[in-house]
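Hi there,

Here is the structure I promised to pass on to you. My notes on it follow just below.

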Amino acid sequence: MKKRILISDDDVEFCEEMREVFKANGYTVDNESDGLSCERAVRKNSYDIFILDYKMPGLNGIEISRIIKAKDPEAKVFIISGKHNIKEMLEAENALHLVDGFLNKPFDVDGFIEQIKKIK
Amino acid sequence: MDNSNFQPQKEGDVIEFAKNILLEKADKLASMPVEEINTLIGVLKSTESREFLELERRTKEFCEKYHKLYNLDFLGFVKLTNEGVICEANPTFCNWLGISVKDIINKKFSTYISDPDSQLFESNIKPASIKLQFGLHLKKRDNSLFPVSANMDLLANGKEGPFIILILMAKSKFTGLEKEAQRRFSLKNSQIAALIQNIPFDFFMLDSDGTCTLQNDTSKNNWGDFTGKKLKDVSGVSDKVLSIWFNNNRRAFCGETIKEEVEYEVKGIKKRMLNIISPVVNEGRVCGILGCNIDLTELKTALIKLKEAEEKFKYLADKIPVGIFKTKISGEFVYANTAVAAMFEFSSTGDLMRENIIKRYNNPQDRLVFLNEIKSQGKVSNYEFNMVTRTGKAKHMLGNIIFDGEEISGMFVDITEHKKAEAVLEEDRNSFKKIADESALALLKAQKDLFNAKHLSDIGTLAATIAHELRNPLAAIKLATYNMKHSKLNLGIDKHIANINKKIDESEQIINNLLFYSRIKSPHYQKININEILNECIDQAREQFEKFKPEIHRKFQCLENITIDADPTQIKEMCSNILNNACDAISEKNGTVEVSAEYINGDYIKIYFKDTGMGIDEAHLAKIFEPFFTTKARGTGLGLAVSLHIAHLHHGNIDVLSRQYEGTTLVVTLPINRANGYSNHEPESIRE
């Protein structure tokens, strides 16, 4: 069974290209472009992997992470951000334990695919 | 003769006793022949009147006393004519001389006394001096001398004319007593001498012929040693002083006591002295004078100073604007100075003092409070009174007052004006505080502006912002190229290229924004039609937000024919930044944007950009114009900062009105003419 990924970023083009990448690697991919619609999708559907932008209109990535982990502690969450200090930002919000990985934009695509593929 | 019951204690007693008897005899009987006395007695006896019995009794008594005395072995009685011829002598006197009575009668008294004494005696009886006491040496038949004390009286009333009574007392009889008396006298004398030496003013004594017998050290120090000298022999004293002394001494020798303030020059220093000269009178005769000079100079100076001080006090008490008063506990005035009267609007202290002080209290109850306080404490300091003047004006007084158990006294000042001034001052202080607060705020804002400007010009911040903002499009581009590389049969390659181009445009926009902001300069003024610029901006926004096609209403027809002085590029940048924000705000809930305008007084235009978005969070409202502040997922945070900067450069402003969940309105105010500056202030953020 194909693993399901939810990618949420307000950069519409970024989302499109990400979907392309993961579809090509055999995943089922959904896209959302803001915090509120992302939250709806999280509550409605179930996903194995979440790739969330840190900064989104409505709810941000960390807030969504809390909802995800409360619903399904097994789900894997990755946070991406244009800011270079994403780790510090997660620590500051005491959210490091909520996420399974974080990425600074622009990131190494192959490396990220490998990381995702490792998830059983 | 029995005289054992007469025991004289001292010389004076005897003399006095004898004198009385002799005088009585002289007055009543002495001048009468015995036969006449007997006749008188006989007449009086025949009448057997009370007067006679009394006379007889007294005569008998007198005769007994007289005989007793007459025959005392230490008293000699001699009666002389005023020529000094003896006309009667008692047996004792005759015994002393060893001559019978009949041999003595009609002889000159001076022949029976020593030669020096006889001269003195002669000189004393010549002016018929009365009441003299002196020592004499009687010359016996064998020429030996016999010392006696003599008491001489002149009796003027008698048929035989004035004659002299001499009572002589043998000195040997009283040698012991006299010695004792002399010793005592000498003791007294030395005590007096010590006293005189030590008194702090100059003191002297002159004997009857004007010779100085005593002079204390102060006097010697002032005038030189006069002891043993007469005034006329004195040297070293100015003629002026001497003439005063001569004059005063002469008057004193006449029995007058002189008390006179004189000005002396003592050793070149002018001194004011009290000169007191008093005659020494013994037995009615002036036998010398006592004198003293009391230096009044210091006293006078002290008195003058005292008087000056008194006058000063009086002047002060009357002139100082401090009320000084004394009242009884009942409130009656005991004293009040002019200031008290003036403070309460009385024309004189008299008028004031006729009224009770309670009348001067604005609230008589205060008096009771004050009395309680002062009775328990004994005093009050800086105590405030609310008083009232005669005409009813309110007065604030500040007093320091003491209570001595009976009277209340103290001073107070009128602080009414002070109080008023205080109130004005307080008001001034408040308005000053307001000004100061406003200035401080303005300063803070200026500092903030300065900081921001500095912030903007900081190349590091700019670089970091560019780097960060470019990461987002770069990430998308990287993914697109990855996909192009891995896509089989080049399927959908156009889409990837379109995405890349989009991201390149975004990147360019970011870079342009930053460059624009860092390069904003003074506006390049032109006459521009704001209406056209707004239309252009709206058209552009609709293009930019093509995906959701924002609904933008144009309600700025009133600007159609208006041109303003402005930089078209800057104004366009400003309007499109604001409009883009408005479109962003409505993107989530499909709201609308309305652009309207107002034309005010021909001076200003106002452009309203109203959206029906989510509104601005209260916490963010104050920061929206700060550079690099953004809540958007993507955005430089420069749009509004740039816009406000442009508005300020045009002497305009941007205000914000926002209501959460309902929307935000930004109001741009711009002057029509370049000269009409509207505001240099920061925007006012108003939360409705």
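**Helix packing in chain A**

In chain A, helix 2 (residues 35-44) packs against helix 3 (residues 61-71) at an angle of about 5 degrees, and their axes are 10 Å apart. Please keep in mind that this is a predicted model. Since angles under 35 degrees count as roughly parallel, helix 2 and helix 3 of chain A are therefore roughly parallel to each other. From helix 2 of chain A, the contact takes in A:G35, A:C38, A:E39, A:V42 and A:R43, while helix 3 of chain A brings A:I64, A:I67, A:I68 and A:K71. Sorted by class, this contact of helix 2 with helix 3 of chain A has five nonpolar, one polar and three charged residues.

**Where chain A meets chain B**

Next comes the interface. Here 24 residues of chain A are in contact with 24 residues of chain B. The two chains bury an area of about 2,300 Å² between them, with carbon and sulfur atoms giving 53% of it. On the chain A side, the residues that lose the most area to chain B are A:E13, A:E17 and A:P106, which together make up 28% of what that side buries.

For the polar side of the story, the rule finds 12 residue pairs in polar contact across the interface of chain A and chain B, both residues being at pLDDT 80 or more. Which elements of chain A give two or more residues to the side that touches chain B? They are helix 1 (12-24) and helix 5 (109-117) of chain A. Helix 1 of chain A provides the largest share of that side, with eight residues. By class, the residues of chain A's side that touches chain B divide into 11 nonpolar, two polar and 11 charged.

**Salt bridges**

Side chains of opposite charge can pair when their charged atoms come close. Over all chains, a search of the whole structure finds 30 salt bridges, and the count between chain A and chain B is four. One of these links the side chains of B:K503 and A:E13, at 3.1 Å from N to O. The side chains of B:K495 and A:E20 also meet in a salt bridge, at 3.7 Å from N to O. B:K495 lies in helix 16 (residues 493-519) of chain B and A:E20 in helix 1 of chain A, so this pair joins two chains.

**Two backbone details in chain A**

A:P106, already mentioned for the area it loses to chain B, sits in the loop between strand 5 (101-104) and helix 5 of chain A. The peptide bond leading from A:K105 to A:P106 is cis, with omega near -15 degrees. In the loop between helix 4 (86-92) and strand 5 of chain A you will find A:N94. A:N94 has a positive phi of about 50 degrees, although it is not a glycine.

Best wishes

Definitions and conventions. Residues are numbered from 1 along each chain as its sequence is written. Chains are lettered from A and ligands numbered from 1 in the order in which they are written. This is a predicted model: local features need pLDDT of at least 70, side-chain atom pairs count only at pLDDT 80 or more; totals for chains, interfaces and linings use all residues. Side-chain values use heavy atoms; hydrogens and water are left out. Contact means heavy atoms within 4.5 Å. Buried area is the accessible area (1.4 Å probe) that two parts lose on being put together, summed over both. A polar contact is a pair of N or O atoms within 3.5 Å; within protein, one must be able to donate a hydrogen and the other to accept it, and residues adjacent in sequence count only if both atoms are side-chain atoms. Helices (H or I, at least four residues) and strands (E, at least two) are DSSP runs, numbered from the N terminus. Ala, Val, Leu, Ile, Met, Phe, Trp, Tyr, Cys and Pro count as nonpolar, Asp, Glu, Lys and Arg as charged, and the others, Gly among them, as polar. Axes are lines fitted to C-alpha atoms, for helices over the stretch in contact, and angles run from 0 to 180 degrees between N-to-C directions. Angles under 35 degrees count as roughly parallel, over 145 as roughly antiparallel, 65 to 115 as roughly perpendicular and the rest as oblique.
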